[in-house]
Amino acid sequence: MIISVINQKGGVGKTTTAINLSVSLAQWGHPTLLIDLDPQGNATSGVGLTTTLHPSLYETLVSSNGDSPQDTLHPAVAPGPVPNLSVVGASAELAGSEVELAENTRRDDVRRVLHALSPQYPLIVIDTPPSLSLITVNALVAADQLIIPVQCEYYALEGLGSLLRTLERIKRSLNPQLRVMGLVRTMYDARLGLSSQVSEELEKHFPQLLFRTVVPRNVRLAEAPSFGQPIAVYDRRSPGADAYRRLALEVINRIDSPTKSTSASAKSQ
Ligand SMILES: Nc1ncnc2c1ncn2[C@@H]1O[C@H](COP(=O)(O)OP(=O)(O)OP(=O)(O)O)[C@@H](O)[C@H]1O
Ligand SMILES: [Mg+2]
């Protein structure tokens, strides 16, 4: 099961979700591979790994010329900060080589790499950049399921509509298997009327798709990456850690009963 965490909007909690969901899945006993497909490398440093790990999957993409994929199908896999978690890091120095990437990379390169890895890793979680670049398209083509973090603020809803329409196009043209597993509300602040208003709107429009777990705005979640630690290591008793543990349980449930996942089309209401 390959899950991409996606939203073209920046700063909505993709990386925080990819890291802490992966860690929680691992802690619930599911061997999990976290893949940092964002050249910013935030997921890599967020679990305490260096972004000079070679070869990263991103580097694999840049160096692949399309006709010798077998030679490049060996991204480095490092142990994560908790048992059951492995990580494929990003190399920060390659940020900005999107042009090079566009010339050499196919839309299904990541899918081919991951299918080679998937017998070892039943659960793969991919962190993606805040764009709909070729890297992100690769993450969409490789994925079975998508998790979309939505920040509880006004413009979140606007961006969501266009994201869902884009996903529908990708599904039709490139990956008919693609499903949206769910939307997760992030940075929810109970003191702000706007947060609960947006949250209610989401409940109204996406009752099936929305995860019940709401990730609160929690300073411990914001601090943890600067220590290179997931929240479960940095402060396992914090509300943020608790939220991601519960989110992981919901994800496990949805994997077990796939009918709850909705095709990208069904939710473009
Ligand atoms: N629930 C939360 N409570 C408090 N801070 C949070 C929470 N979730 C994320 N943050 C902080 O908000 C910022 C943006 O989060 P994050 O990096 O996860 O978003 P992103 O969608 O991956 O961003 P980008 O689009 O740049 O990749 C980070 O500084 C992160 O530590
Ligand atoms: Mg990020």
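1. How many nonpolar, polar and charged residues does the shell around ligand 1 have? By class there are 7 nonpolar, 10 polar and 3 charged residues. Please keep in mind throughout that this is a predicted model.

2. The shell around ligand 1 holds 20 residues, and the closest are Lys14, Thr15, Thr16, Pro130 and Ala222. Two or more shell residues come from each of α1 (14–27), β7 (179–188) and α9 (219–223). The largest share, 3 residues, is given by α1.

3. Helix α1 also packs on helix α11 (residues 239–256), at an angle of about 70° and with the axes 8 Å apart. The two helices are therefore roughly perpendicular. On the α1 side the contact is made by Asn20, Leu21, Ser24 and Leu25; on the α11 side it is made by Tyr244, Arg245, Leu247, Ala248 and Val251. By class, this contact between α1 and α11 has 6 nonpolar, 2 polar and 1 charged residues.

4. The crossing of α5 and α6 is right-handed.

5. Which residues of α5 meet α6? They are Asp109, Val110, Arg111 and Leu114, and their counterparts in α6 are Asn138, Ala139, Val141 and Ala142. Sorted by class, the contact of α5 with α6 has 5 nonpolar, 1 polar and 2 charged residues.

6. Turning to the strands, β2 (residues 32–36) runs parallel to β4 (residues 85–88), and the pairing extends over 4 bridges. Within this pairing, leucine 34 has valine 87 of β4 as its bridge partner.

7. Strand β4 is also paired with β3 (residues 78–79), here in the antiparallel sense and over 2 bridges. Proline 79 stands opposite serine 86 in β4. The hairpin of β3 and β4 has 5 residues between the strands. In this hairpin, asparagine 84 takes a positive phi near 80°.

8. For a figure, I would ask for two views. One would show ligand 1 with α1, β7 and α9, the elements that give two or more residues to its shell. The other would show β4 with its parallel partner β2 and its antiparallel partner β3.

Key:
Residues are numbered from 1 along each chain as its sequence is written. Chains are lettered from A and ligands numbered from 1 in the order in which they are written. This is a predicted model: local features need pLDDT of at least 70, side-chain atom pairs count only at pLDDT 80 or more; totals for chains, interfaces and linings use all residues. A crossing is left-handed if the near helix is turned anticlockwise from the far one by less than a right angle, and right-handed if clockwise. Two residues are in contact if their C-beta atoms, placed from the backbone, lie within 7 Å. Ala, Val, Leu, Ile, Met, Phe, Trp, Tyr, Cys and Pro count as nonpolar, Asp, Glu, Lys and Arg as charged, and the others, Gly among them, as polar. A residue is near a molecule or strand if its C-beta atom, placed from the backbone, lies within 6 Å of it. Two strands pair if DSSP finds at least two bridges between them. Axes are lines fitted to C-alpha atoms, for helices over the stretch in contact, and angles run from 0 to 180 degrees between N-to-C directions. Angles under 35 degrees count as roughly parallel, over 145 as roughly antiparallel, 65 to 115 as roughly perpendicular and the rest as oblique.
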